[in-house]
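Thank you all for making time this morning.

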Amino acid sequence: MKYGYVINITAVDRPGIVAGVSSAIYKLSGNIDSCSQTVLDGYFTLIMTVSMDELIGVDELKQKILSEKGLEDCQAIVFPTRENDRRYRSAESNSFVITAFGRDCHGIVSQFTKYLGGKEINIIDLYAYITNDGEFVLICQVEVKPELDLKNIQLDLEALGEQVGFTVRIQHNNVFVATNQIRLDR
């Protein structure tokens, strides 16, 4: 039997945090099942799901991670998963990428996510930031159920964008990747 955990680490950004956390998991004979890490305005955040062959208490797991060399100044939240809670991407849903950009103003994330939630469109990943010249950029990957009318969703998002002076696009994930892929020459 495997025992699952969600681990969230935050800190002021610096090199070596991911190495420290992954080393702690490795020393506990754990496996990192999935993870996402980013730096926002100089603050590091990492969330991961891990599985272990042996049950370990969440406080003990947290202590063992934070006692790893270099992680003393990190914050950690650890909680167990339940098999029924683990959600994998739905085979019935289609993955799309929504991009929205315009002058920064109050409530942008709230307005867009409220619309998506109201349509039961699940946000898989969301990234937003303000550029140096005051433009707000929002990029999110979403799951759209096939029974939803994509054309109406696009029109609704465009109308929402117009209300706040934003340009909004929704593209199938495959199209987004194909048109935005960066090639690195060898």
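Let me begin with Val 21, which is found in helix α1, the stretch covering residues 17-27. Please keep in mind throughout that what you see is a predicted model. Val 21 has a relative accessibility of 0%, so it counts as buried. Which residues is Val 21 in contact with, once its neighbours within four places in sequence are left aside? They are Ile 9, Leu 46, Met 48, Ile 65 and Leu 71. For Leu 71, the separation in sequence from Val 21 is 50 residues, while the C-alpha to C-alpha distance is 7.7 Å.

A second residue that I would like to show is Ser 51, which lies in strand β3, residues 43-52. Its relative accessible area is 10%, and because the cut-off for buried is under 20%, Ser 51 is buried as well. The side chain of Ser 51 makes a polar contact, at 3.1 Å, with the side chain of Asp 33. Not counting residues up to four places away in sequence, Ser 51 touches Asp 33 together with Lys 2, Tyr 3, Gly 4, Gly 30 and Asn 31.

Turning now to the sheet, we have an open arrangement of 4 strands in the order β6-β7-β5-β8, with antiparallel pairing. Its edge strands, each pairing on one side only, are β6, residues 122-130, and β8. On average, and with direction ignored, neighbouring strands of this sheet are turned by 10° against each other. Strand β5, residues 94-103, and strand β7, residues 135-144, run antiparallel and are joined by 10 bridges. Within that pairing, Arg 103 stands opposite Glu 135 in β7.

Two helices pack on this sheet, and I will take them in turn. Helix α3 touches β5, β6, β7 and β8, and its direction makes about 15° with that of β7. Helix α4, residues 150-164, touches β5, β7 and β8, with its direction at about 160° to that of β8.

That brings me to the aromatic residues, where the structure holds 3 aromatic pairs. In the pair formed by Phe 112 and Phe 166, the ring centres are 6.4 Å apart and the planes meet at 55°, so this pair is tilted. Why can we say that this pair ties together parts that are 54 residues apart in sequence? The reason is that Phe 112 lies in helix α3, residues 108-118, whereas Phe 166 lies in strand β8, residues 166-172. Phe 112 is buried at a relative accessible area of 3%, and Phe 166 likewise counts as buried, at 6% relative accessibility. Ring pairs also bring in Phe 136, so that Phe 112, Phe 136 and Phe 166 are linked into a cluster.

Tyr 127 and Tyr 129 form another tilted aromatic pair, at 5.4 Å centre to centre and with 45° between the planes. Are these two tyrosines buried or partly exposed? Tyr 127 counts as partly exposed at 37% relative accessibility, and Tyr 129 counts as partly exposed at 34%.

Finally, a word on the cysteines. The count of disulfides comes to 0. Cys 74 is buried, at 4% relative accessibility, whereas Cys 105 is partly exposed, at 30%.

Definitions and conventions
Residues are numbered from 1 along each chain as its sequence is written. This is a predicted model: local features need pLDDT of at least 70, side-chain atom pairs count only at pLDDT 80 or more; totals for chains, interfaces and linings use all residues. Side-chain values use heavy atoms; hydrogens and water are left out. Rings of Phe, Tyr and Trp (its six-membered ring) pair if their centres lie within 6.5 Å; planes under 30 degrees apart count as stacked, over 60 as edge-to-face and the rest as tilted. Buried means under 20% relative accessible area, exposed over 50%, partly exposed in between (1.4 Å probe, protein chains only). Contact means heavy atoms within 4.5 Å. Two strands pair if DSSP finds at least two bridges between them. Axes are lines fitted to C-alpha atoms, for helices over the stretch in contact, and angles run from 0 to 180 degrees between N-to-C directions. A disulfide is a pair of cysteine sulfur atoms within 2.5 Å. A polar contact is a pair of N or O atoms within 3.5 Å; within protein, one must be able to donate a hydrogen and the other to accept it, and residues adjacent in sequence count only if both atoms are side-chain atoms.
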